[in-house]
Structures are given as structure tokens and as C-alpha cells.
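Please look through the structure below together with the account that follows.

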Amino acid sequence: ATNEIHLLSMGQMMPAVEKQLSESFIVHRTAERPIDEIIAEHGAKIRGIATRGRDKCDDALLAKLPKLEIVSNFGVGYDSIDVPAAVARGLVVTNTPDVLNDEVADFTVGLLLSTVRELPQADAYVRAGNWPHAPYRLTQSLRDRTVGMVGMGRIGRAIAKRIAAFDVPVVYYSRRPQADVPYRHVPNLLDMADQVDTLIVIVPGGPETKHLINAEVLKALGRRGILINVARGSVVDQQALITALKDKTIHGAGLDVFADEPRVPQELIERDNAVLVPHVGSGTHHTRARMGQLVVDNLRSWFDGQGPVTPIPESKWPR
Ligand code: 8YV
């Protein structure tokens with residue numbers, strides 16, 4: 001009987017996902033109609049939300065949906081959802097863990113190599129017709145580096161495994177040491193930044209990690225420093241990073257995420273020592289399809305009375 005259930009879909013997902021949602025639910029899409037209109041007409045009936053990480057799911061929205069039971073998030077990161085508010089309202093929140101680990105890890109290695117070896121800049125050099133005049137400049141290397149992982153969760157582990165396979169030493173910072181990883185834990189981020197020359201940021205977003213990477217950490221990373229951020233823009237103090245890139249406090253940065261997406265400050269765009277990509281870490285047909293399927297499966301399973309497939313830990317499921 002799930003096809004009588006009203007759903008709010010925020011932000012467009014892949015056609016195959018939208019098709020499955022339409023097959024199982026009565027779907028109201030913010031992509032097709034202003035959200036205020038949808039809520040005014042159907043707010044009292046909406047029992048589920050499908051959302052992409054980009055739309056704010058705050059308490060003001062939740063308060064307008066008295067029949068809401070579940071928020072199904074497209075993405076492993078769910079910092080756009082006010083989780084304490086959702087939990088207080090007894091809602092179940094689901095995300096899309098694991099299905100993107102290897103994809104994001106592959107991508108991170110690519111972004112790291114692009115940043116260290118300046119692949120986008122070298123590509124631009126060829127296209128600009130500069131090669132006949134002079135060979136491209138020599139670059140930094142991965143060979144003499146130590147990578148400090150900021151975060152050692154599911155994706156962090158997949159990244160570290162790849163870096164280690166490159167014979168590059170890996171250490172990590174996280175609040176607690178992880179029992180089952182072979183890398184050395186450094187309990188203090190500033191200490192780790194001091195000990196390494198390359199940071200890969202892969203922690204959840206949200207208030208707890210806001211501006212974890214600040215001016216002090218960048219200074220400790222030092223002049224050869226490379227910062228890779230594939231987590232959330234909020235984890236890095238973007239203005240401090242811009243300053244550090246400008247005055248060469250660090251060597252360079254590879255960024256998939258930004259403080260105020262999709263806006264990228266002109267000061268970053270002008271930097272030749274930054275590789276900038278538009279939040280595409282999980283962005284392949286293969287992996288986005290798997291993420292989308294989990295969004296659908298969580299909603300179907302919930303409304304079939306089978307419980308959520310991948311609830312976030314804060315949902316405390318089963319209850
Ligand atoms: C986004 C991501 O969710 O999974 C995450 O946390 O950052 C991405 O996969 C994706 O861009 C959807 O908007």
C-alpha cells in the first residue's frame with residue numbers, strides 16, 4: 001500500500017531514482033514546485049522526505065510536516081539535516097554509506113596526484129601552446145611525502161589503503177584511535193600537521209568539525225604542504241586557506257568541496273596552486289545509481305514495515 005504515501009523530494013536525483021520513487025509513492029518535488037506551495041497543500045500528508053545533501057532539512061521544515069516519519073538522504077554525509085531536531089521528533093534518518101567508499105577513495109588519489117603533479121595546470125599548458133617554447137616546470141612529488149589522514153572512517157580507510165599501496169607512509173588523526181587499522185594514530189591534529197607534509201581531510205561535516213583546518217594547522221603543515229579536502233567545505237577555514245595559498249604558507253591544495261557551494265571565491269579561482277573540482281567525488285553513473293537505490297530502498301523498506309536499511313547511528317535503530 002506504499003503507493004498512497006506522500007513523499008517530499010528535495011533536489012533532483014537521477015531519472016532512474018525518480019522513476020522508482022514515482023512508482024512507489026506520491027511524490028511532491030521541489031524541483032517542480034515551490035516548497036511553500038507543496039507544504040501548504042500537502043504538508044499534513046507528507047510522511048517521508050528524499051533529500052540530496054544540498055538542501056537544508058532544518059527544524060523549521062520538520063515542524064511543518066506533522067506526519068513525517070523518515071528522512072532518506074542521498075549521500076553518506078548528512079550535515080545538511082538538523083539531526084538532533086529530527087531525533088527529538090522521533091524521526092528515522094537514513095544515509096548512503098559504503099556504496100561510495102571505493103569511488104571516493106579512487107577519486108581522492110586522483111585529486112592528490114593532480115595537485116602534487118599539477119596535471120590540470122600541465123594540461124592547460126599544452127592547450128595554450130606553450131610546450132614548443134619551453135618544457136613544463138618540475139613539480140612536487142609523492143615520493144618524499146608522508147600523508148596525514150584527517151579522519152579514519154569508512155572512506156578514510158579506503159583512501160589510506162590506496163596511499164599505502166603507493167608505498168607512501170600514512171598516519172592519521174581522529175578523536176579516538178581505531179582498533180583495526182595498521183597506521184599510527186596521532187591524538188593531536190596540530191602535532192600531526194607538523195609531522196607530515198600532506199593532509200587528506202575526510203571527516204563528517206557539521207558543527208563538531210567546523211574549521212578544524214585553520215590558519216594554525218596550515219602553518220604547521222608548512223611550505224611543502226599539500227591539503228586535499230574531499231569532506232565538507234565547512235571543515236576548512238576557507239579564508240585562512242586562501243591566505244595560506246597566496247602567501248605560500250603551504251604549497252597547494254586540491255579541493256572537491258567548498259564553504260558555500262556552488263560558489264567558489266574568485267581568490268581561489270585565481271590561484272595557480274589549487275586544483276578545484278565541483279563536488280564530484282562520488283559522481284559516477286555506477287556509484288550514484290547505487291546511492292540512489294539505497295535512498296529508494298530505505299523508503300520502501302520503512303513503509304513496508306521492515307525498518308530502515310541504513311539508518312544513521314543517531315537514529316538509534318532498532319528501538
Ligand atoms: C553528495 C557527498 O551527497 O555522500 C556525500 O556525503 O558528499 C556526495 O556524495 C552528492 O554530491 C549528492 O549531492
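Around the ligand stand Arg52, Gly53, Arg54, Phe74, Gly75, Val76, Gly77, Leu100, His279 and Ser282, where a residue is taken as near a molecule if its C-beta atom, placed from the backbone, lies within 6 Å of it. Sorted by class, this shell holds three nonpolar, five polar and two charged residues; Ala, Val, Leu, Ile, Met, Phe, Trp, Tyr, Cys and Pro count as nonpolar, Asp, Glu, Lys and Arg as charged, and the others, Gly among them, as polar.

Residues are numbered from 1 along each chain as its sequence is written. The model is predicted, and local features need pLDDT of at least 70 while side-chain atom pairs count only at pLDDT 80 or more, whereas totals for chains, interfaces and linings use all residues.

The protein has 12 helices and 12 strands, which are DSSP runs numbered from the N terminus, with at least four residues (H or I) for a helix and at least two (E) for a strand. The radius of gyration of the protein, taken over C-alpha atoms, is 21 Å, close to the 20 Å that the globule rule gives for 319 residues, so the protein is as compact as a globular protein of that length; the rule itself is 2.2 Å times the number of residues to the power 0.38. Along the principal axes, the C-alpha trace spans about 65 × 50 × 30 Å.

Five strands form an open sheet in the order E2-E1-E3-E4-E5, with parallel pairing, and two strands are said to pair if DSSP finds at least two bridges between them. Strand E2 (26-29) and strand E5 (92-94) stand at the edges with a single partner strand each, so one side of each is left without a neighbour in the sheet. From one strand to the next the twist averages 20 degrees, with axes fitted as lines to C-alpha atoms and angles running from 0 to 180 degrees between N-to-C directions. Within this sheet, strand E4 (residues 70-74) is joined to E5 in the parallel sense by three bridges, and Ser72 stands opposite Thr94 in E5.

Elsewhere, strand E6 (residues 147-150) runs parallel to strand E7 (residues 170-173), joined by four bridges, with Val147 opposite Val170 in E7. E7 also pairs in the parallel sense with strand E8 (residues 184-185) over two bridges, and Tyr172 stands opposite His185 in E8.
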